[in-house]
Amino acid sequence: MTKQIFFILAVLCTLQAQASVRPIQVDTVQHTPYYDVSEKLQPIQPVYLDGVVLPATRTGNWFVSITGGTSAFLGTPLGCEDLFGRLKPSYSFAVGKWFTPFVGARINYSGVQFKDGTLSNQDYHHIHADLLWNVLGRRYARQEQVRWNLAPFAGVGLLHNASNGNNPFAVSYGVQGEYRISKRVSAMLELSGTTTFQDFDGYGRPNRLGDHMVSLTAGFTFHLGKVGWKRAVDATSYIRQNEWLVDHANILSGENKRYKDWYDRNRRTVAELKKILEIEGLLDKYGHLVNDDETDRRQGYPRNNYSGLNSLRARLKNRHWDGISPLDSASIGYGNNGDDAEKPGIIVSERTELIQAGNCIGSPVYFFFNLNTAHLTDASQMLNLDELARVAKKYGLSLRVTGAADSSTGTPVLNGSLSTSRADYIVAELKKRGIPIERIVKVSRGGIADHVPVEVNRHTKVELFF
């Protein structure tokens, strides 16, 4: 009974301890950023800054105005004629430029005749420079097409009285309105005034302002050069897109690196599989599954990948195997005392017959030569000779050296001599590396056409035998 009570108390304490531990909440929702690439790469519709335009170029927004109308001279003394009795025809010609949608300048010429205080007709000429202020210029920063302009102006110039020769200083002022008919043409109406000294018409006090000319003209304005104003674009959206493109490029670079690593691993795996197929003698049957099309299209001399030597090393580890699987035979006989210098059951006197029978160990190793010479195409092929000599000496192997020439070039006599010279060259190199001449069988094939491309036929083949 006591044990049961202690057991119940222990259980209650355990439950109380677990209840006192506050549970830790773990967020299992993972946020994965998603990039809608097709949407992000769409051209951005420009957003313009409110009320901001770019300055005009030197060749933009020039204009020429031609107007005609009427003018009235109000001098001191005034004379006894009303305003309508003083009206005379007039014309004006102006050349100017708008620097901004608000500010422009022009040089204006006007004249013909006016009636002085005695109602006599006098000829005059008026040239002046004016500064224009377009009170509707803000519209250019908010819309593409603006039809109306309203521009007060003021300026200074000279008046010339052709009748009496006076050339007084004059102040010009007024207001002009324009309506844009087309991109290059506008209709214009202008009300202007000119104030000069009282003696302009020959009457009145000099050096005191008092003579006035009032004109009302209408005509056309022709716009030259680049017309209109380019609104300033808000670059914020483009900056954000560039930042996104940088991030996206970094993501793609990371993915490319992962794919490259994955490709390198697969390439190394395929290379190992090809070696395994070579060792097992299955490369001809299954090689098409691991062959690289790019490798098949390469031209020139093939290079040894030492797969034959790797196969040789693997076979030498189990050199006494007679080809019978242990599953099919209860025992394996060797036939002699197991000396490593000779294959069991085969005596030295039979070595030449075995070589002639063609029982080659592994794959042959080829050495390629330049045209009509006994010189190797690549000095690095000497590495194969070093490896062949080392393996042959270590395991007491024999070698068959077969020289060949390309039958597509040279005569049969020349090719026979050339194939012999190539075989002699390899035999001499093997002797330098410690291979006894009695363990080497030399063969000369003369001119052959067994391989494609034809350059491959210019070779010497070395085979290893037990």
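This is a predicted model: local features need pLDDT of at least 70, side-chain atom pairs count only at pLDDT 80 or more; totals for chains, interfaces and linings use all residues.
Q: What makes up the secondary structure of the protein chain?
A: The protein chain has 9 helices and 14 strands. Of its 466 residues, 31% are buried.

Q: What joins β3 to strand β4?
A: The two strands run antiparallel and are joined by 9 bridges, with strand β4 covering residues 103–115. One of the bridges sets Trp98 against Gly104 in β4.

Q: How many bridges hold the pairing of β7 and β8, and how many that of β8 and β9?
A: β7 and β8 pair over 11 bridges, antiparallel, and Val171 has Thr195 in β8 as its partner. A hairpin with 4 residues leads from β7 to β8. β8 and β9 pair over 13 bridges, again in the antiparallel sense; here Val185 stands opposite Phe222 in β9.

Q: Why is the pair of Phe73 and Phe200 called tilted?
A: There are 10 aromatic pairs by the rule applied here. In this one the ring centres of Phe73 and Phe200 lie 6.1 Å apart, and the planes meet at 50 degrees. Centres within 6.5 Å make a pair; planes under 30 degrees apart would be stacked and over 60 edge-to-face, so what lies between is tilted.

Q: How do you know that Phe73 and Phe200 link distant parts of the chain?
A: They are 127 residues apart: Phe73 belongs to strand β2, while Phe200 sits in the loop between β8 (185–197) and β9 (209–224). Both residues are buried. Ring pairs also tie Phe73 and Phe200 into a cluster with Phe114 and Tyr124.

Q: What makes Trp148 and Tyr179 a tilted pair?
A: The ring centres of Trp148 and Tyr179 are 4.8 Å apart and the planes stand at 55 degrees, so the pair is tilted. Trp148 is in strand β6 (residues 148–161) and Tyr179 in strand β7 (residues 169–180), 31 residues apart.

Q: Why does Tyr179 count as partly exposed?
A: Tyr179 has a relative accessibility of 34%. Buried would require under 20% and exposed over 50%, so a value in between is partly exposed.

Q: How do you know that Arg106 lies over the face of Phe153?
A: The distance from Arg106 to the ring centre of Phe153 is 4.5 Å. The limit for a charge over a ring is 6 Å, together with an angle to the ring normal within 35 degrees. Arg106 is counted as lying over the face.

Q: What makes β11 and β13 edge strands?
A: β11 and β13 belong to an open sheet of 4 strands in the order β11-β14-β12-β13, where the pairing is mixed. β11 (361–368) and β13 (440–448) each pair on one side only. Neighbouring strands of this sheet are turned by 20 degrees against each other on average, direction ignored.

Q: How many bridges join strand β12 to β13?
A: Strand β12 (residues 398–406) is joined to β13 by 7 bridges, and the two run parallel. Ala405 stands opposite Gly447 in β13.

Q: Which strands does helix α9 lie across?
A: Helix α9 (residues 412–432) lies across β11, β12, β13 and β14 (459–465). The helix runs at about 150 degrees to β13.

Methods:
Residues are numbered from 1 along each chain as its sequence is written. Side-chain values use heavy atoms; hydrogens and water are left out. Buried means under 20% relative accessible area, exposed over 50%, partly exposed in between (1.4 Å probe, protein chains only). Rings of Phe, Tyr and Trp (its six-membered ring) pair if their centres lie within 6.5 Å; planes under 30 degrees apart count as stacked, over 60 as edge-to-face and the rest as tilted. Two strands pair if DSSP finds at least two bridges between them. Axes are lines fitted to C-alpha atoms, for helices over the stretch in contact, and angles run from 0 to 180 degrees between N-to-C directions. Contact means heavy atoms within 4.5 Å.
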